[in-house]
Amino acid sequence: MSFIMMQLGSFQFSIDTATHQELTRSTMYRWSEQETYGVRPTSQYTGPGKETITLKGVIFPEFRGGFDQINSMRGMASMGTPHMLITGEGVLMGRWCIEQIDESQAILDTAGRPRRQEFTLQLKRFS
C-alpha cells in the first residue's frame with residue numbers, strides 16, 4: 001500500500017515514486033507607496049502577490065517508479081497548463097504551473113543509468 005504525499009495533476013509523489021523531502025512555500029503581498037512632501041511615504045495594501053512552491057526530492061528509479069518519472073514531470077510542464085495540487089491529507093491547494101525542473105543524477109550503473117535522481121520542482125500559483 002502506497003501513501004500519497006502530494007499530487008500535482010496526475011503525478012503522485014509518494015515513497016513508491018518521487019519522494020519530495022522538502023517543501024518551501026513563498027507568498028508575497030503587494031504594498032504601494034505614495035510619496036508625500038515632508039513626511040515618510042504612505043503605504044497602501046493592494047492585494048496578494050506571487051505565490052511559489054519549491055519541492056526538492058529524490059527518486060531511486062531501480063527501487064520503484066522507474067526511470068521516466070522526471071520525464072513525466074517535464075511532459076506535464078510542456079503542456080503549458082496549470083495542474084491541481086492536492087496534499088496527502090486531501091487539501092486542495094488550487095491550480096499551479098510548473099515553472100522549472102532541475103535534475104541531478106548520481107550512482108550511475110554500467111549502462112550510465114542513475115540509481116539516484118534528485119529533483120527540484122518550482123511551481124507558481126495560477127490565478
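Is glutamate 51 buried or exposed? I looked it up: glutamate 51 comes out as buried, at 11% relative accessibility (buried is under 20% relative accessible area, exposed over 50%, partly exposed in between, with a 1.4 Å probe and protein chains only).

Ground rules before I go on. I'm working from a predicted model, where local features need pLDDT of at least 70, side-chain atom pairs count only at pLDDT 80 or more, and totals for chains, interfaces and linings use all residues. Residues are numbered from 1 along each chain as its sequence is written, and side-chain values use heavy atoms, with hydrogens and water left out.

Next, the pairs. I took a salt bridge as a side-chain nitrogen of Lys or Arg within 4 Å of a carboxyl oxygen of Asp or Glu, and that rule gave me 7 salt bridges.

One of them joins arginine 25 to glutamate 51, with 2.6 Å between the closest N and O atoms. Arginine 25 is in strand S3 (residues 19-34) and glutamate 51 in strand S4 (residues 42-59), so this pair ties together parts 26 residues apart in sequence. Strands here are DSSP runs of E, at least two residues, numbered from the N terminus. I have arginine 25 down as partly exposed, at 44%.

Arginine 125 also bridges to glutamate 51, closest N and O atoms 2.6 Å apart. Here strand S7 (residues 114-125) is linked to strand S4, across 74 residues. I noted arginine 125 as partly exposed, at 29%.

I also checked glutamate 118 with arginine 116: a salt bridge, 2.9 Å from N to O. Glutamate 118 is partly exposed at 36%, and arginine 116 is partly exposed at 24%.

Last entry: shared partners put Arg25, Glu51 and Arg125 into one network.

Key. Helices (H or I, at least four residues) and strands (E, at least two) are DSSP runs, numbered from the N terminus.
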